[in-house]
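Student: Could you help me learn to read a protein model, one feature at a time?

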Amino acid sequence: MTSLFYKRAIEGILENKFLQGVTILTFALSILIVCAYLLFFINANDFMNSWEKGIRIMAYFGSDQHQEELENVKRKIQKMPGVQSVRFISKEEALNRMKEKLKTQASLLMDLKENPLPDAFEVKIIAASQRIGKIENLATQIKAIPSVDEVEYGRRWLNRFSNVLALFRLTGYALGGLFFMATVFIVANTIRLALYSKREEIEIMRLIGATDRFIKIPFYIEGLIQGALGGLIGLSLLFIPFKWIATNIEHSFSSALFPIRFFPLEVFLGIIICSMFVGWLGCYLSLKQFLEV
Amino acid sequence: MIDGGDNSSIIRMFHVHKHYGSKKALINATLDIHRNEFVFICGPSGAGKTTLLKLLYLGDKVSAGQIIVDGINLSRIPRKRIPFLRRKFGIIFQDYKLISTKTVFENIALVLEVTRNTRRFIEKKVKSVLRTVGMEGRINAYPPSLSGGEQQRVAVARAVVGDPKVILADEPTGNLDAESSHIIFDFLNQFYNRGATVVIATHDLNLVRKTKKSVIHLNQGQIVA
Ligand SMILES: Nc1ncnc2c1ncn2[C@@H]1O[C@H](COP(=O)(O)OP(=O)(O)OP(=O)(O)O)[C@@H](O)[C@H]1O
Ligand SMILES: [Mg+2]
């Protein structure tokens, strides 16, 4: 008996291919836009997290210090909460590192008569403290040590990035809400048109004793199918440019620096279910209006 | 208060009025139709025959008065129960009310689908009913491609396919020649013989006279004699 409802739903979709096509396309586009945004957000968030994880505080000395003072400072830093390890990086080591990084342009450094870089401590932070607030706190404490001239940990960059992300999150909600309403409205409208074109049929069905449920179920199935198809198409449309961008980024940067991912399966299914829910809701609204007179 | 106390009646009307705006379609109609009765409702065009039938299956609400169908007071029936009231009836509508986008088979099958029958039963039953009204050859046709008389026969088939307690027929022979009329009449009479109640609205007085069944006369919305 349930197969009958599916049959009627599919007939309903096939009866008005154009309208159904437009609705499914609207679904797909809404899903595409919202999910592109979501995908960007997820990856930016990942990036931010991995960045926070890799973060180290560099404490630079203004002038050369005695071995004793260096040991002293090292001990002080090690005692601070949140510190995992402290490593001394001499100015020679720093210069070598720099040469290595610059590779071909290393000759630029050849002409230097004297090493302009300061000695430094590299402070690694334990995982639990890898939050921007705690890092900031620790940096201030280290800077308070008199012989430490300067600390550096990419604060500005991190702050700005996390602010941008917060803004993105907000606009994401607004955008999601907007497309949600627009899609519900469009689905409701398609179903309303379908109901209108079938009003004679529906009236006859009621006269021969069909319950509201019997009349409604195929429309609900129709809405759910529209949602599922729209969601699938939208995500497929998103996957193509995603793949392209991801490959390009991985070519130009090391993939360890930019680990880019598509939605995990749970999120993927969640999106399809949301999309189906939108189809159901659109249906519910128009049926409520149309049948309960 | 009125209720369905008298169990020998399947349809009772008490002082029923129906007006559409200022137009009085039915005036103070009181009648009593017994279980397994065969009755004609006769009257000229505009007398209120269709209106009377419509009130029975709640196609419209009374303006005043009470109707009881199979023990159910129609003015107190909850909305959700209306489909179940309608399943007691097999209705032949004056304008047939066939779904033009569905085939003859689908139109008739719908009655049985609503009551959740199996596919196999539906197929068998619909085919056998179509055979009795002589429409088995047009099983896959769409109603707009049928003649008036053919549509009428499909409408008759749909009305009886669910083995209803009461058959309400609004001009079931209006579009048929004398011979076909008699076939349809005999067909409805078979259901009467098997225990159904049959109510036929018509202005075909010839048919009424020949069949010697009880008659309710309607004129200008009023029951006469
Ligand atoms: N929905 C309506 N709105 C306004 N007037 C109506 C409506 N339905 C019926 N009427 C009027 O009520 C009166 C009775 O109509 P009804 O259809 O019951 O007549 P009838 O006896 O079935 O006639 P016929 O033999 O031509 O079918 C008519 O005058 C008709 O115009
Ligand atoms: Mg009439």
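Student: Which residues make the nonpolar surface patch?
Tutor: Bear in mind that this is a predicted model. Leu178(A), Phe180(A), Met181(A), Phe277(A), Trp280(A), Tyr284(A) and Leu285(A) together make a nonpolar surface patch of about 670 Å².

Student: Which helices each supply at least two residues of that patch?
Tutor: Helix 7 (155-197) and helix 10 (265-291) of chain A do. Helix 10 of chain A gives the most, namely four residues.

Student: Is Leu178(A) buried or exposed?
Tutor: A residue counts as exposed when its relative accessible area is over 50%. Leu178(A) has 54%, so Leu178(A) is exposed. You can find Leu178(A) in helix 7 of chain A.

Student: How many helices and strands does chain A have?
Tutor: Chain A has 10 helices and four strands. Along the sequence they come in the pattern α-α-β-α-β-α-α-β-α-β-α-α-α-α.

Student: What about the place where chain B and chain A touch? How is its size given?
Tutor: The size of an interface is often given as the accessible area lost when the parts come together. Here, the area buried between chain B and chain A is about 1900 Å², with carbon and sulfur atoms giving 61% of it. On the chain B side, Arg79(B), Arg86(B) and Arg116(B) lose the most area to chain A, together 29% of what that side buries.

Student: How many salt bridges are found across the interface of chain B and chain A?
Tutor: There are two. For a pair to count, a side-chain nitrogen of Lys or Arg must be within 4 Å of a carboxyl oxygen of Asp or Glu. Arg79(B) forms a salt bridge with Asp212(A), and their closest N and O atoms are 2.4 Å apart. Glu201(A) forms one with Lys102(B), where the closest N and O atoms are 3.7 Å apart. Glu201(A) lies in helix 8 (residues 199-207) of chain A and Lys102(B) in the loop between strand 6 and helix 3 of chain B, so this pair joins two chains. Both Glu201(A) and Lys102(B) are buried.

Student: How many salt bridges are there over all chains?
Tutor: The count comes to 15. One of them pairs Glu11(A) with Lys7(A), with 3.5 Å between the closest N and O atoms. These two residues are four apart in helix 1 (residues 2-15) of chain A, so about one helical turn separates them. Glu11(A) is partly exposed at 28% relative accessibility, and Lys7(A) is partly exposed at 42%. In chain B, a network of salt bridges links Arg35(B), Asp70(B), Lys88(B) and Lys165(B).

Student: Which residue meets Asp163(B) in a salt bridge?
Tutor: Lys125(B) does, at 2.8 Å from N to O. This pair links distant parts of the chain, 38 residues apart: Asp163(B) is in the loop between helix 5 and strand 7 of chain B, and Lys125(B) is in helix 4 of chain B. Asp163(B) is partly exposed at 45% relative accessible area, whereas Lys125(B) counts as buried at 18%. The backbone deserves a look too: Asp163(B) has a positive phi of about 45° although it is not a glycine.

Student: Where is Arg116(B), and what is its phi?
Tutor: Arg116(B) sits in the loop between helix 3 and helix 4 (119-132) of chain B. Its phi is near 60°, a positive value in a residue other than glycine. Arg116(B) is partly exposed, with a relative accessible area of 42%.

Student: Last one: which protein donors does the magnesium ion (ligand 2) have?
Tutor: They are Thr50(B), through OG1, and Gln94(B), through OE1, at 1.8 to 2.2 Å from the ion. Thr50(B) lies in helix 1 (residues 49-56) of chain B and Gln94(B) in the loop between strand 6 (89-92) and helix 3 (104-114), so the pair ties together parts that are 44 residues apart in sequence. Thr50(B) is partly exposed at 32% relative accessible area, and Gln94(B) is partly exposed at 42%.

Notes. Residues are numbered from 1 along each chain as its sequence is written. Chains are lettered from A and ligands numbered from 1 in the order in which they are written. This is a predicted model: local features need pLDDT of at least 70, side-chain atom pairs count only at pLDDT 80 or more; totals for chains, interfaces and linings use all residues. Side-chain values use heavy atoms; hydrogens and water are left out. Donors are N, O and S atoms within 2.8 Å of the metal (3.2 Å for Na, K and Ca); water is not among the atoms, so sites may look incomplete. Buried means under 20% relative accessible area, exposed over 50%, partly exposed in between (1.4 Å probe, protein chains only). Patches are made of residues with over 30% relative accessible area and no salt bridge: like charges are joined within 9 Å, nonpolar side chains (Val, Leu, Ile, Met, Phe, Trp, Tyr) within 5 Å. Accessible areas come from the Shrake-Rupley method with a 1.4 Å probe; for residues, only the protein chains shown count as cover. Buried area is the accessible area (1.4 Å probe) that two parts lose on being put together, summed over both.
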